[in-house]
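Biologist: I'd like to learn how to read a model like this one. Could you walk me through a few features?

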Amino acid sequence: MILFRQFMFKINIGLLVRIMKLTHRTRTRTRTRTRKASKFAPQDFISSMPDNVVTNILDRLPVRHAVRTSILSRSWRFKWTMLSQLEFDRVFFGCLMQHKGENDCGGVISRLLLHIEGVIEKFVLSMFDVKHINYRYENINHWILFLSTKSIKDLTLDIGNWTPVKMPTHLFSCVELKHLKLRNCCFNPPPTFHGFPNLLSLELYMVRFKSGELGEILTRCPLLETLDLGSLFSTRSVKLVEIVKSENLKKLSLRLCDLDTETIISSSTIFELVGFLPKLEELSLDFAKCQLTEGGAKKKFPTASLKTLTLSRIDLSNVHMRSCVFEVIRNFPNLQTLIISSIHRKTDSVPILPEEYNTTGLRRVVFECLEGSENEVYLIKYLLVCSPFLEKVVIRGGEWFMSRKRLKFARKVLKLHRASTVAEIDFK
Amino acid sequence: MSFSKTIMLRNYDGETFVVDEVVAVEPQTIEHMIEDGCANTSIPLPNITSKILSKVIEHCKKHVETPNSNEKDAKADLKSFDFDFVKADQGTLFDLILAVNYLNIKGLLDLIYQTIADMIKGKTPEEEEEMRRVNAWVFSCFVGVTCLYFKSKKI
């Protein structure tokens with residue numbers, strides 16, 4: 001027992017000596033550190049960078065991290081005020097409420113904005129899936145007024161599921177806007193609105209506007225290339241003639257049920273739409289809540305430019321929808337990518353293959369939410385036979401696509417004849 | 001047979017780099033100099049070292065040579081090249097920033113800015129403080145235990 005105590009005593013002495021040497025070393029190191037910059041401290045490199053470099057780096061951090069750099073040192077106290085990209089999303093609000101117990105998030109954002117000195121190029125406010133915050137819509141008016149003085153170029157306002165907000169008139173004076181994305185708002189431009197001369201992309205979800213107003217807006221945005229009318233607030237609220245006023249459109253996305261047409265929608269509506277947009281390269285059509293009818297007068301429109309086509313929520317068991325798909329594949333000769341996302345109604349219809357087989361230029365086909373029905377097999381068969389340039393087919397089943405059925409479906413598909421020697425079929 | 005024009009770049013160390021015009025016009029600064037007619041003999045780049053300039057030229061060459069197509073292989077190859085390109089030590093990375101900022105090469109600038117932002121995101125001030133606090137606790141524990149032992153022995 002006495003030997004053990006002596007042993008412990010020796011060890012402790014050894015430890016003490018080592019610890020004292022360590023602190024001595026760190027004490028001398030601390031002294032030299034204050035005299036010359038340590039080459040291992042990353043902050044020293046960044047601190048000596050020009051302002052535009054620091055701003056570019058801080059722009060790529062989340063806002064709360066960028067603002068936090070103000071505590072690093074005196075020289076860093078106001079570097080964050082040159083931020084030109086601000087994003088306030090669910091993560092930001094979550095952190096604010098969790099760490100600070102902050103209820104007045106609007107006040108925090110307003111105080112932050114007041115510090116920003118330079119131009120604000122990008123501003124994102126996303127309240128989608130944000131709960132339990134003290135939200136006042138007057139804040140949004142104040143922020144848009146502030147942003148209109150800061151040459152804003154990219155603006156996203158997602159009001160989520162809160163009460164729709166009426167866009168203030170200051171929004172329409174942001175003439176440098178290039179990208180605008182709105183969700184759950186009322187979009188009513190004043191009579192003095194001269195348009196957004198630089199606007200390249202416009203995305204509207206759950207947005208309300210008066211009849212005929214969208215056409216007026218589109219006429220005054222001559223450079224518009226991307227238009228996404230993902231889902232408007234009410235169906236049949238947009239006329240075809242309004243959409244085709246954007247002659248430079250390259251990407252268009254809309255729900256067919258939002259179109260206000262005199263006759264019931266048919267495949268010729270689609271051809272008419274594409275025909276009036278000569279530069280269109282990507283088209284995305286949502287068939288939800290849409291009643292299709294037989295293709296009407298089949299006018300041939302020049303459709304040389306369309307390269308990518310997405311058909312979502314299409315019911316392949318419906319005869320009209322199926323024939324629409326076949327017509328579209330036949331009449332867009334330069335189509336390279338086709339994406340079909342289907343929904344399923346319990347209609348029993350006999351799957352029929354079209355009589356004519358026209359060659360397509362398709363290179364990539366993606367099927368989503370497949371069920372494993374005969375109609376789907378017939379469609380895949382048609383595509384494989386008509387596409388000598390096909391490179392890849394991706395097939396994703398829906399949740400109800402049980403594993404045994406999937407295997408049977410995969411076996412059927414893999415046996416089908418392929419016109420292309422390099423086509424790859426991928427089941428995901 | 002095409003005769004591509006070459007441009008001479010003279011840097012800080014006095015070394016000369018000869019590059020094809022297509023590669024040389026990737027940096028906007030050099031493109032403007034050529035347009036303004038200042039590139040008759042050689043273009044002076046006095047604030048860039050040879051090591052950094054050769055890295056920049058390597059990046060520009062790779063991006064010019066890779067065809068601008070939607071081919072997945074070409075894109076993946078370029079992505080892995082960019083990933084390896086920024087695996088340099090911090091000193092080189094920051095020298096690169098200054099050079100690329102001067103030369104104004106947008107794609108390369110975005111790549112380096114994003115790399116540094118990702119590095120900063122990895123180290124929050126709290127994590128560093130936590131590390132320091134844990135080390136300080138361990139040290140004070142040992143000292144405490146030793147003092148107690150000496151006290152009990154009345155040394």
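Biologist: Let me start with a loop: between which two strands of chain A does A:Lys289 lie?

Modeller: A:Lys289 sits in the loop between strand E10 (282–286) and strand E11 (308–315) of chain A. Helices (H or I, at least four residues) and strands (E, at least two) are DSSP runs, numbered from the N terminus. Before we go on, some ground rules: this is a predicted model, where local features need pLDDT of at least 70, side-chain atom pairs count only at pLDDT 80 or more, and totals for chains, interfaces and linings use all residues. Residues are numbered from 1 along each chain as its sequence is written, chains are lettered from A and ligands numbered from 1 in the order in which they are written, and side-chain values use heavy atoms, with hydrogens and water left out.

Biologist: What is the phi of A:Lys289, and is the residue buried or exposed?

Modeller: Its phi is positive, about 55°, although A:Lys289 is not a glycine. For burial, the cut-offs are under 20% relative accessible area for buried, over 50% for exposed and partly exposed in between (1.4 Å probe, protein chains only). A:Lys289 has 66%, so it is exposed. A:Cys369 also has a positive phi of about 55° without being a glycine, but this residue lies in strand E13 (residues 364–370) of chain A and is partly exposed at 30%.

Biologist: Now helix packing. How are two packed helices described?

Modeller: By the angle between their axes and the distance between the axes. The axes are lines fitted to C-alpha atoms, for helices over the stretch in contact, and angles run from 0 to 180 degrees between N-to-C directions. Here, helix H11 (residues 319–331) and helix H12 (residues 374–386) of chain A have axes that come within 12 Å and cross at roughly 10°. That makes H11(A) roughly parallel to H12(A); the classes are under 35 degrees for roughly parallel, over 145 for roughly antiparallel, 65 to 115 for roughly perpendicular and oblique for the rest.

Biologist: Which residues of H11(A) and H12(A) make the contact?

Modeller: Contact means heavy atoms within 4.5 Å. From H11(A) come A:Arg322, A:Val325, A:Phe326, A:Ile329 and A:Arg330, and from H12(A) come A:Asn375, A:Leu379, A:Tyr382 and A:Leu383.

Biologist: Where in chain A are A:Lys412 and A:Glu374?

Modeller: A:Lys412 belongs to helix H13 (residues 403–415) and A:Glu374 to helix H12, 38 residues apart. Their side chains meet in a salt bridge at 2.8 Å, N to O. Both count as partly exposed, A:Lys412 at 33% and A:Glu374 at 36%.

Biologist: What about the whole of chain A: how many helices and strands are there?

Modeller: Chain A has 13 helices and 15 strands. Of its 428 residues, 45% count as buried.

Note on methods. A salt bridge is a side-chain nitrogen of Lys or Arg within 4 Å of a carboxyl oxygen of Asp or Glu.
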